[in-house]
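Colleague: I have a protein model to learn from. Can we go through its contacts and charges together?

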Amino acid sequence: MRLTVALPNDSAAKLQEYAHPEMIVTTEWVAEHLDDPGLVVAESDEDVLLYETGHIPGAVKLDWHTELNDPVTRDYVDGPGFARLMSDKGISRDTTLVLYGDRNNWWAAYALWVCSLFGHPDVRLMDGGRAKWIAEGRPISTEEPKRPHTDYPVTDRDDTHIRAFREQVLAHLGQPMIDVRSPGEYSGELLHMPDYPQEGALRGGHIPGARSVPWARAAAEDATFRSRAELEAIYLGEAGLHPGDDVVVYCRIGERSSHTWFVLTHLLGFGHVRNYDGSWTEWGNTVRVPITRGDSP
Amino acid sequence: MSTPTLNPRLQEIADDFNAMSGKDRLQLLLEFSRELPALPDRYAEHHDLLEPVPECQSPLFLAVEVEPDATVHLFFEAPAEAPTTRGFASILHAGLDGLNADEVLATPGEFTSQLGLQDLVSPLRLRGMAAMLARIKRQIRDQRG
């Protein structure tokens, strides 16, 4: 639900193919609007220092590990915590927030999903992320922006629509589910490689019935999202999903699956996709939940 | 609970980090990342000789050489887009390269939690550095038979 749209949508032809073109902008659009007062650009990376090596001029840093997570409980920040974070970053409730990052926007998509839990009205992803901006020779800066502190309102986090918990996943068994981890993690063989510390899970494999679609298949070589036709071939064709399906996506801790959540929800127009952020680090450690080994769902 | 002792070089690095405020600690880690020595040609041209460290979120490769007199040499490679991983590798290089094998083996695995980086970098990311150290020690043991 859009309450305010502070900035115009990007009218680039490629984006209009997608179900929700208002959720995504090109690097050109960002370059053009960078100085607009209603816009805040935020970089969210896997590497916590990458922002410091240079970022889009004026962009703030948003780190999921240290800022979007609750420091004690395994959960995201709560309403007051999110309001404090946004206020510190100089983001208002009516700000057009554009997120971008490294690794095909993997972490930026995660940050966008968390912002969506709090219903930030206008949050978008910059197609191609950090890699594309730099590849195009656009300016980067190491100067830390000084944005005036804002008074972001405390809003409740809504975990009911786009987030799934373990009990809900158990109740969902037999319905469409996508495991977006690597094939080795899906089959369960990764936990058995000699001399490798386990990835925080006691059991390997996947949730019964989940189909394997590694998240990065949605990204092209230049880190932009694949075209709608290509995405439909993967998710509707190969994985057999339908836009009306109730879908649960998961990975290891819910980061990579946020990327797939974005693709299904905003690029392909699925109406009900939930990200199970407990993911394999919860499921693979849980007593008596069913697990399937091997390459088949 | 006693804190295991670090070798003087690692202790100095830990002291430097802990003497700083949060933001400056990140800057120091960034400086370390810039100081990571490049691979010598014998490894740069033979990537198969390097051991991957998949616990790091970004790709990291390392090699360990133990000389006949037990002096340890460390070699790392990580991409420029992974400054945190490079920084961790660089800290281990600055703190351990050139030491005696026994001194390296005596480095406590929990050393990574003594840099004051948990809240800034997150424990999950620090696990990558602990994994590098574990692999370095294992390679030393393997090479000494």
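Modeller: Start with a term: contact means heavy atoms within 4.5 Å. This is a predicted model, where local features need pLDDT of at least 70, side-chain atom pairs count only at pLDDT 80 or more, and totals for chains, interfaces and linings use all residues. Residues are numbered from 1 along each chain as written, chains are lettered from A and ligands numbered from 1 in the order written, and side-chain values use heavy atoms, without hydrogens and water.

Colleague: Which residue of chain B does A:Asp45 touch?

Modeller: A:Asp45 sits in the loop between β2 (39-43) and β3 (60-61) of chain A. Strands are DSSP runs of E with at least two residues, helices are runs of H or I with at least four, and both are numbered from the N terminus. Leaving out residues up to four places away in sequence, A:Asp45 touches several residues of chain A, including A:Leu50, A:Tyr51 and A:Trp107, and also B:Arg125.

Colleague: Which side chain of opposite charge is nearest to A:Asp45?

Modeller: Lys and Arg count as positive, Asp and Glu as negative, while His and the chain ends are not counted. A salt bridge needs a side-chain nitrogen of Lys or Arg within 4 Å of a carboxyl oxygen of Asp or Glu. A:Asp45 is buried but has no salt bridge (buried is under 20% relative accessible area, exposed over 50%, partly exposed in between, with a 1.4 Å probe and protein chains only). The nearest side chain of opposite charge is 4.5 Å away, and it belongs to A:Arg130.

Colleague: Which residue has its backbone nitrogen 2.9 Å from a polar atom of the A:Asp45 side chain?

Modeller: Look among the residues that A:Asp45 touches, which include A:Gly101 and A:Asp102. The backbone nitrogen in question belongs to A:Asp102.

Colleague: How much area is buried between chain A and chain B?

Modeller: Buried area is the accessible area (1.4 Å probe) that two parts lose on being put together, summed over both. The contact takes 21 residues from chain A and 24 residues from chain B. In chain A, A:Asp47, A:Leu49 and A:His65 lose the most area to chain B, together 29% of what that side buries. Carbon and sulfur atoms give 53% of the total, which is about 1,800 Å².

Colleague: Which residue of chain A forms a salt bridge with B:Lys23?

Modeller: The rule finds 1 salt bridge across the interface of chain A and chain B. Its closest N and O atoms are 2.9 Å apart, and the partner of B:Lys23 is A:Glu144.

Colleague: How many residues apart in sequence are the parts that A:Arg163 and A:Asp277 tie together?

Modeller: These two side chains meet in a salt bridge, 2.6 Å from N to O. A:Arg163 lies in strand β6 (residues 163-164) and A:Asp277 in the loop between β10 (272-276) and α11 (279-283), so the pair ties together parts of chain A separated by 114 residues.

Colleague: Are A:Arg163 and A:Asp277 buried or exposed?

Modeller: A:Arg163 has a relative accessible area of 2%, so it is buried. A:Asp277 is at 8%, and therefore also buried.

Colleague: Which helix holds A:Glu185, the salt-bridge partner of A:Arg256?

Modeller: The closest N and O atoms of this pair are 3.1 Å apart. A:Arg256 is in helix α10 (residues 256-267), and 71 residues separate it from A:Glu185, in chain A's helix α8 (residues 183-187).

Notes: A polar contact is a pair of N or O atoms within 3.5 Å; within protein, one must be able to donate a hydrogen and the other to accept it, and residues adjacent in sequence count only if both atoms are side-chain atoms.
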